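This report describes selected features of one protein model.

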Amino acid sequence: GDRMSDLLRIVSATPVIHGVLKIAWNDGYEGLVDFRRYLDIGKIYAPLRDHAVFERVVTEEHGHSLGWTIDGMSVDFGADRLREIAESQAALLRRAS
């Protein structure tokens with residue numbers, strides 16, 4: 001199809017501060033995604049509160065998603081969803097400045 005999701009891939013994901021990743025996509029867009037709100041909810045994200053665990057973020061081979069493997073369970077976020085979050089957080093910052 002011609003949906004954006006067919007094209008968007010994550011090229012890199014780098015922790016900036018604990019709970020925040022700088023993500024680059026294959027179309028050249030770079031943005032910050034703040035995961036801290038997820039870290040505060042739900043048992044599944046609890047291990048990510050540990051800085052060392054959060055730092056072990058892995059981008060899936062084809063860049064469709066990134067995530068963490070915690071005790072054999074994987075926590076994943078898709079490339080398009082992350083892009084939505086990055087863009088909405090960037091828009092918020094622009095409005096706030």
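A residue is called buried under 20% relative accessible area, exposed over 50%, and partly exposed in between, using a 1.4 Å probe and protein chains only. The model is predicted, so local features need pLDDT of at least 70 and side-chain atom pairs count only at pLDDT 80 or more, whereas totals for chains, interfaces and linings use all residues. Residues are numbered from 1 along each chain as its sequence is written, and side-chain values use heavy atoms, with hydrogens and water left out.

Ser65 has a relative accessible area of 13% and is therefore buried. Ser65 belongs to strand β5, residues 65–70; strands (E, at least two residues) and helices (H or I, at least four) are DSSP runs numbered from the N terminus. With residues up to four places away in sequence set aside, the contacts of Ser65 (heavy atoms within 4.5 Å) are Ile10, Val58, Thr59, Glu60, Asp76, Phe77, Gly78 and Ala79.

## The open sheet

Three strands form an open sheet in the order β4-β5-β6, with antiparallel pairing; two strands pair if DSSP finds at least two bridges between them. β4 (58–59) and β6 (73–78) are the edge strands, each with a single partner, so one side of each has no neighbour in the sheet.

Antiparallel β5 and β6 are joined by 6 bridges. Leu66 has Phe77 in β6 as its bridge partner. Helix α3 packs on the sheet, touching β5 and β6, and its direction makes about 60 degrees with that of β6. Such angles run from 0 to 180 degrees between N-to-C directions, with axes fitted to C-alpha atoms, for helices over the stretch in contact.

## Arg83 in helix α3

Arg83 is a residue of helix α3. Its relative accessibility is 6%, so Arg83 counts as buried. Not counting residues up to four places away in sequence, Arg83 touches Leu8, Trp25, Asp27 and Tyr29.

## The largest pocket

A pocket is an open set of points on a 1 Å grid over the protein atoms alone, where a 1.4 Å probe fits, with protein on both sides within 12 Å along at least five of seven lines; lining residues have an atom within 4 Å of a point. The largest pocket holds about 180 Å³ of space, the volume being that filled by probe spheres set on the points, which are joined across faces, edges and corners.

β3 (30–34) and α3 (79–96) each supply at least two lining residues, and α3 gives the most, with 5. Among the lining residues are Tyr29, Asp34, Arg36 and Gln89.
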